[in-house]
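Q: I would like to learn how to read a model residue by residue and element by element. Could you take me through it as a dialogue?

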Amino acid sequence: MARVLVIDDELAILRALGTGLRARGYEVVTARTGEDGLAVAALERPDVIVLDLGLPDIDGVEVCRRLRGWTETPIIVLSAHGSEERKVQALDEGADDFITKPFGMEELQARLRVALRHRARPASEIESSTVDIGPLSVDFAKRETLVRGREVELTPLEFDFLAFLARNVGKVLTHRMILQAVWGPEYGTETHYLRVYARLVRKKIEEDPSHPVLLRTSPGVGYQLVGPDEG
């Protein structure tokens, strides 16, 4: 049974999420402040953390930063509609995904499944192996990409773009994170590069590039590579 820590100061949300997640087979622990959330995370060692960014004591982004100082537990942040800048800050500080309020239990459960699926895989394993994401297979050592068993030709930069997403499969990566990892530390604002390369890569890996299933866009935030069954 997966253990979920929910950190939110709204009692109604804690009750709703607690009831909904327990009914779906999760163990749930809760906290109403950032300080309590950090303490509960250290004590209970949850499998996933659901974190509201608007906490009364410590900013949610700071909570992300502190958690990442000692744990790789997946963090899904809850944010208000339209707060792209806050989402980007949280993701840059180590959050793995986000959900915009209001949201439904089915959406949250889908995000939890993605987080749990990718939680146990160590970075060393990902670095040294082939990653399979639905019909897509990325071999880092050979710099080879297959779709349904057939090799697709990617330019070096296209492969680097796709490989960085594949190494962080399931995680929403911000524009700045991708630019600095693929193009270099002096980059960070050239989001038009990413739009171009996302379009080029989709043409080669997606069955229908106009309706991408694998390479998802988070508007105003960044990109995410997921399996076709990961809602």
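This is a predicted model: local features need pLDDT of at least 70, side-chain atom pairs count only at pLDDT 80 or more; totals for chains, interfaces and linings use all residues.

Q: Let us begin with the backbone: which residues are joined by a cis peptide bond?

A: As a general idea, most residues other than glycine have a negative phi, and most peptide bonds are trans. In this model the bond joining K101 and P102 is cis, with an omega of about -5°, and P102 is placed in the loop between β5 (97-100) and α5 (105-119).

Q: Where does R45 lie, and is R45 exposed or buried?

A: R45 is a residue other than glycine whose phi is positive, near 50°, and it is found in the loop between α2 (34-44) and β3 (48-52). Its relative accessibility is 53%, and because the cut-off for exposed is over 50%, R45 counts as exposed.

Q: What is the phi of R143, and how accessible is that residue?

A: R143, again not a glycine, has a positive phi of about 55° and lies in the loop between β7 (136-139) and β8 (144-147). With a relative accessible area of 42%, R143 is partly exposed.

Q: Turning to strands, how many residues of β3 are buried, and which way do they point?

A: Five of the five residues of β3 are buried, so that the strand is mostly covered. V48, V50 and D52 point one way from β3, whereas I49 and L51 point the other way.

Q: Which strands does β3 pair with, and in what sense?

A: Strand β1 (residues 3-7) pairs with β3 in the parallel sense over four bridges, and I49 in β3 is the bridge partner of L5. Strand β4 (residues 75-79) is also parallel to β3 and joined to it by four bridges, with L51 standing opposite V77 of β4. Between β3 and β4 the chain passes through helix α3 (residues 60-67), and this β-α-β crossover is right-handed.

Q: Which residues of α3 are buried, and why do they lie on the same side of the helix?

A: The general idea is that an α-helix has 3.6 residues a turn, so residues three or four places apart point the same way. In α3 the buried residues are G60, V61, V63, C64 and L67. They cover an arc of only 160° around the axis, and therefore they are on the same side of α3. These buried residues pack against α2, β3, β4 and α4 (84-92). At the start of α3, the backbone nitrogen of V61 has a side-chain oxygen of D59 within 2.9 Å.

Q: How many residues does the largest nonpolar core have, and which of them have the most contacts inside it?

A: In soluble globular proteins, nonpolar side chains tend to be buried together. Here the largest nonpolar core has 31 residues, and those with the most contacts inside it are L136, F161, I178, L215 and L225. At least two residues of this core are supplied by each of β6 (130-133), β7, α7 (156-167), α8 (175-182), α9 (191-205) and β12 (222-225), and α7 gives the largest share, with seven residues.

Q: Which residues does L225 touch, and what does the second core include?

A: Leaving aside residues up to four places away in sequence, L225 touches I133, L136, L162, L165, A166, V169, G170, L214 and L215. The second core, which is separate, has 25 residues, including V29, L38, I49 and V172.

Definitions and conventions
Residues are numbered from 1 along each chain as its sequence is written. Side-chain values use heavy atoms; hydrogens and water are left out. Buried means under 20% relative accessible area, exposed over 50%, partly exposed in between (1.4 Å probe, protein chains only). A nonpolar core is a set of buried Ala, Val, Leu, Ile, Met, Phe, Trp, Tyr and Cys residues joined through side-chain atoms within 4.5 Å. Contact means heavy atoms within 4.5 Å. Two strands pair if DSSP finds at least two bridges between them. A crossover is right-handed if, with the strands pointing away from the viewer, the path from the first strand over the helix to the second runs clockwise. The arc is that of the directions from the helix axis to the C-beta atoms. A polar contact is a pair of N or O atoms within 3.5 Å; within protein, one must be able to donate a hydrogen and the other to accept it, and residues adjacent in sequence count only if both atoms are side-chain atoms.
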